[in-house]
Amino acid sequence: MDQPHGAAKRIIFDSDTTMGLADCDVDDGLAILFAMGCIATGAPVSIEGICASYGNNTLEAVYANTLEIADAFGLNAPILKGAADKEHPDSEAARFIVDAAHANPGELSLAVTGSTTNLKGALAIDPDVLSLYREVVLMGGITRTLVFNGTIMDELNLSCDAQATEMIFDAGRRGAAIVVATANNCLPASFKRTDFLARIDSGTEGGGTVRNLCASWFDTMKRWYGLDEFCCWDVLVPAYILMPALFEDCPFDVVLDPRLLSAGFLEPAFPGAPAARINAPRIADAQRFCEETYRLWEAAIATIDG
C-alpha cells in the first residue's frame, strides 16, 4: 500500500467546492474526502485550511457550500473566503496563504482545484510566497483538445484568470515547485455510476450523505455527455501530494503567454520563448488509482459515521 512520502503532509486546499449543487461538479468535495481518508488510515496528514475560490459557481455559492460540506464531513478546519473575481484578488484567503507559508516555510502543500485568483492575491502580497510551499499542485490546463465522449470540453480552471496562472508558473522560475494535473492527464480517473454508488453507499449515515451529494451529478453527466460516469479531476491533486507513487512525473517547460493560458493551453516551450518548468504527472495505473481512491473514500466515510 502506497503511503504519503516523507514526513507529515500538511495541505491547504484552494478550491471551488460545489458538491451537491445542481449541475455543479462534485470533484472538489471528493478531493477533500480523499485527504480525510488518508487521515483516517493513520497517515501523517492534516488539512490546515480550505480557501474558497470561484470557478464551478460564484464565490458566494462556493463559500456557502464549502461550509456545508465541512459540516457534513465533520471536518474541523478554517474556511477562508477568497476573491470574487480576477480584478480584485485581495481576500482573506490570499492573506491566509501568505501567513501560513511564512509561519511554516517548506512544510505545507498547496492544493489548487479551482480558479487561480487567490494565488494572484497572495503573490501581490509576497511575490516569492509560493517558494515557501513544499509544492503547489494545480488541477487544470490542457495540452491538446480536451474531448469527452466525442464532445469538446472547455478548460475551466487555469483559464479563469490567465494572468494569475502566468504568475504562478513564473514563480517556478524563482524556485517554487509547480505541479499541474492537466485535464488530459485526469481523464483515466473515471468512475462509473454503478460502481461508485455501490462502493460509497455502505448503508451508513456517512455513505448516504456522500451518495446524496453526488447522485445528481451522474444525471448531469448523462444529460450533457451521454455517459453514466464522471471524471474525478480534482482528486488527482491531493493524490499526487499524498500518494506520488501512483503517478509518473512528466516535467516540461511551458510557454508563458497569457493568450494561450486564457484558453488553458499549456504549450511546450521552444528556443527563444519565455518559459517556466512545471511537472505534469500522469496516472501510472488507472485501475490501481481508482481502487486506492475508493479505499480512502470509504475510510473517510467511516469517520463521518464515527
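The lining of the largest pocket divides into 14 nonpolar, 5 polar and 8 charged residues; here Ala, Val, Leu, Ile, Met, Phe, Trp, Tyr, Cys and Pro count as nonpolar, Asp, Glu, Lys and Arg as charged, and the others, Gly among them, as polar. This is a predicted model, in which local features need pLDDT of at least 70 and side-chain atom pairs count only at pLDDT 80 or more, while totals for chains, interfaces and linings use all residues. Residues are numbered from 1 along each chain as its sequence is written, and side-chain values use heavy atoms, with hydrogens and water left out.

Let's stay with the pocket for a moment. A pocket is an open set of points on a 1 Å grid over the protein atoms alone, where a 1.4 Å probe fits, with protein on both sides within 12 Å along at least five of seven lines; lining residues have an atom within 4 Å of a point. About 460 Å³ of space lies in the largest pocket, a volume being the space filled by probe spheres set on the points, which are joined across faces, edges and corners. Of its 27 lining residues, Asp25, Asn56, Met153, Leu156 and Trp233 lie nearest the centre. Helix H1 (27-40), helix H8 (205-225) and strand S10 (229-231) are the elements that give two or more residues to this lining, and H8 provides the largest share, 4 residues. Helices (H or I, at least four residues) and strands (E, at least two) are DSSP runs, numbered from the N terminus.

The axes of H1 and H11 come within 7 Å and cross at roughly 75°; axes are lines fitted to C-alpha atoms, for helices over the stretch in contact, and angles run from 0 to 180 degrees between N-to-C directions. That makes H1 roughly perpendicular to H11, a label for angles of 65 to 115 degrees, whereas under 35 is roughly parallel, over 145 roughly antiparallel and the rest oblique. The contact (heavy atoms within 4.5 Å) includes Leu33 and Phe34 of H1 and Trp297 and Ile301 of H11. Its residues divide into 12 nonpolar, 3 polar and no charged.

H11 (residues 286-305) also meets H7 (residues 193-200), their axes coming within 10 Å and crossing at roughly 35°. Among the residues that meet are Asp195 and Arg199 in H7 and Glu291, Arg295, Trp297 and Glu298 in H11. This contact of H7 with H11 has 5 nonpolar, no polar and 5 charged residues.
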